Amino acid sequence: MDNEFTIDEQPVPFKPGQTILEAAKAAGIYIPHLCFQADFKRHGGCKMCTVLVNGRTQTACTHKAAVGQEVDVNTPELDAMRRSLVQMLFVEGNHFCPGCEKSGACQLQALGYEYEMMSPHFVELYPSRGVDASHPDVLIDFNRCILCELCVRASRDVDGKEVFAVAGRGLDAHLIINSPTGKLVDSAFAVTDRAAEVCPVGAILKKGVGFATAIGDRPYDRESISAEAESCEIPEVR
Amino acid sequence: MAMNSDVVGRALARHRADPTRLLQILREVQEELDWIAPETARDIADGLGVPITRVQSVVQFYSFLYDKPRGRYRVLFSDNITDRMLGNAALFEHMLKRLKLRRGQTSWDGAASVDLTSCTGMCDQGPAILVNNFAVTRLTRKRVDEICELIRIGAPLGEWPAEFFHVDDNIRRRETLLTPLEPGAALDAAIARGRQGMMDEMKRSNLRGRGGAGFPTGTKFEGARNAPGATRYIVCNADEGEPGTFKDRVLLNSFSTRVLEGMAIAGYVVGATKGFIYLRGEYRHLQEQLQRDIDSMRASGRLGASIRGAPGFDFDIEIHMGAGGYVCGEGTAQVESLEGKPGRPRVRPPSMVSVGYLGKPTVVDNVETLAHCTEIAIEGGASFARRGTKTSTGTKLVSVSGDCERPGIYEYQFGVTIGRILQDCGAGPVTAVQIGGASGVLITPEEFSRRIAFEDVSTAGAFMVFGPDRDIFEVARNFAHFFAHESCGFCTPCRVGTAIQRNIMDKIAEGRGSNYEVNDLKRLAEFMKRTSHCGLGETAGNAVRDALNKFRPAFERRLRARDFAPAISLEAALEPARRITARDDAEAHLDVEG
Ligand SMILES: Cc1cc2nc3c(=O)[nH]c(=O)nc-3n(C[C@H](O)[C@H](O)[C@H](O)COP(=O)(O)O)c2cc1C
Ligand code: SF4
Ligand code: SF4
Ligand code: FES
């Protein structure tokens, strides 16, 4: 086969133009990711999908597959990096999983389990961030936002609304809302928007459906996040 | 507030209400209104027909744009390590006290605000400040007092003593680049060679980028020229944000003929008709003068249509001002910024030579790189390549600052030893030299025979000298703060990692650190290098890592663990846990003695 590269020494076919992550997904191989979802423009900011391509670190969600490439995904060193990334995202925000409605369906939490994060390791940064509960159908808890910009891309590129944006630099980077008051209720946002569905963590939450699925029965309670590769889908809570 | 909307209206008109001019519009509006109030932001968004969030994200990205009221006099103290060494901290405190202000606060009458900023490129004549983005050099206590008085009486900046704003070139050594160029000579030479001929000379010269990465310039030109599409751009990277670097300032001030004609030659070779100079906000003092140079060049037929009468050689240059942000020196971030957006680095590939400014093939080159093109046009590539070393051809400008008698600009052929530079600049006993700025390398005396060249010590030109009394830990801590302040926030490892690194350095500085933190610093440096999205994050741990490797006692002196023997041994206390888990691997042991 011509269009083939290897992941952990295993041959993987790809279609021209596919990224390493897309080709891996199609082949049922799991590469961790947070800011990637199939329908949206490439982003490449979370760095969870970091792999080795011919010995060099690259993000699998942006790097195109190429003939003969040797990609390493599962190495102790890469796993340690992924663990550090998850730890950094935890200490950067305020994540109290037991009190979070997304627990069990949260990709950040699931990756914490996947990469055996036993503690946050780094000193918590405890940022002072707020909650926007203004909208009748949806709540945003900025404490849990990991700046993956999926909502930004979904609202801009799919909903055609540009409700969300990221402002600020470095650790001050934060999500802002396009409305005269800066509140979600005064924006063009609707609960039927694609942007309402994409948050990988518990930052954008629908109101009125909380705990419809009991904790313990949620997707990542039942299966590890790496199992998603087989279904090629990101499980959703209903 | 009719007046405010007039200001906005005029700025919008000047820029034809083009959203890609957002950053320029905001800068100009703020120069008149002192800050971007919410209603100003709304007027601008409405005028451009963009969501308010686009305006907010730009305002909040750049250090010199404010969405909170700031003083009519906005004073920023350059806080590079070289400013520290020249005593800026005491002067900063003195000014705050005189103006009865706290850091970052605006005075009750809206007169002034005083804060710190990253290196402003005046290391050879610090301590330096910016007042409403205009550089004031050689600060003394007396000068601080005078400035406070001028602020008190509300004297317009234009009436302040001119000597406050005097910026010296401090050229200490010249070879070929720092020599005057007869206007038009390089252009004529390039035209005589023809587009392909000039391209061949570029490649023959083996010129490599002076902005740090050392990419072969001819190859870059060729890539852009061969990329499909009719429109191409040349960008002259004058962001010069690397702490300790100030050579581009001198080139733009006194050798603008070389820089501007170099840009035009690049345009000629690449087939670009438009060039931008991305001038860092800190060099606001150069803006008008540079604009005059461009205008007179156009008036004399050295810019515009059919340059020097050569049919089809059309090229013009426009200045874009930055607004505070080291990351905007990174090529893809710079192009984002040119498009009026926050300066966040793009995903690569595609490379800039095929998809750059507004999606068109774009060459981003350092000021010094473009200036060298005039030499190549005149003397030819082979002659140029005779200077320097085989793989690092030509000369290099070195920006020398710190503990030496003659700080300033030194031009050498590549291959010069570090020891030679130290000798020339009149350095006494030296503890270390930081070469390449905050992202560079720390060099100790054993290495002074090493050479400045891409194949040995590669640098964009910063050369900061530290004498025997300097504390290398504090040098590294200054740089750690720099990176945390300058991280763009796009990627996790740099956004969070630089903050953690800064916090750990502060903790150690307070005497509360231990070997645990020291080990974390080492891991962080490696982690950021491997996982970051751009060069900023990749190099953000270098200074701390080098300091740790080469000046470990500077850290150990501060570690709590050295002063206090803990009552219990943590390592021993872990033994039951190791037994229970049947582990005895390295991870199950602490990296501390006793
Ligand atoms: C964080 C960061 C800051 C940079 N700052 C500058 C700068 O101020 N000036 C510059 O010429 N290059 C800077 N660079 C390098 C540019 O990305 C790019 O390599 C350079 O402008 C290319 O021009 P050259 O080939 O002429 O060196 C920076 C790179 C990074 C990663
Ligand atoms: S709110 Fe959710 S989807 Fe949006 S950037 Fe934050 S984490 Fe990502
Ligand atoms: S490495 Fe730092 S500056 Fe570069 S993209 Fe990531 S966060 Fe931004
Ligand atoms: S999934 Fe690739 S960087 Fe986020």
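The legends below describe close-up views of a predicted model. Residues are numbered from 1 along each chain as its sequence is written, with chains lettered from A and ligands numbered from 1 in the order in which they are written. Local features need pLDDT of at least 70, side-chain atom pairs count only at pLDDT 80 or more, and totals for chains, interfaces and linings use all residues, while side-chain values use heavy atoms, with hydrogens and water left out.

**View 1. The interface of chain A and chain B.** The contact (heavy atoms within 4.5 Å) involves 38 residues of chain A and 41 residues of chain B. About 3,100 Å² is buried between the two chains, 57% of it on carbon and sulfur atoms; buried area is the accessible area (1.4 Å probe) that two parts lose on being put together, summed over both. Five salt bridges are counted between chain A and chain B, a salt bridge being a side-chain nitrogen of Lys or Arg within 4 Å of a carboxyl oxygen of Asp or Glu. One of them pairs R495(B) with E92(A), with 2.7 Å between the closest N and O atoms.

**View 2. The surroundings of ligand 1.** Ligand 1 has 18 residues around it, the closest being G211(B), N237(B), D365(B), N366(B) and T369(B); a residue is counted if one of its heavy atoms lies within 4 Å. An N or O atom in the side chain of D365(B) is 2.7 Å from an oxygen atom of the ligand. Backbone N or O atoms also lie by ligand oxygen atoms, at 3.3 Å for R210(B) and at 3.4 Å for V364(B).

**View 3. The shell of ligand 2.** The residues around ligand 2 include C145(A), C148(A), C151(A) and C199(A). By class, this shell has 11 nonpolar, no polar and one charged residues. Ala, Val, Leu, Ile, Met, Phe, Trp, Tyr, Cys and Pro count as nonpolar, Asp, Glu, Lys and Arg as charged, and the others, Gly among them, as polar.

**View 4. The shell of ligand 3.** Of 13 residues around ligand 3, C488(B), C491(B), C494(B), C534(B) and G537(B) come nearest. The shell has eight nonpolar, five polar and no charged residues.

**View 5. Cysteine C236(B).** The structure holds zero disulfides over all chains, a disulfide being a pair of cysteine sulfur atoms within 2.5 Å. The closest cysteine sulfur to that of C236(B) is in C373(B), 10 Å away and therefore too far for a bond. C236(B) counts as buried because its relative accessibility is 0%; buried means under 20% relative accessible area, exposed over 50%, and partly exposed in between (1.4 Å probe, protein chains only).

Notes: Polar contact = N/O pair within 3.5 Å; in protein donor to acceptor, adjacent residues only side chain to side chain.
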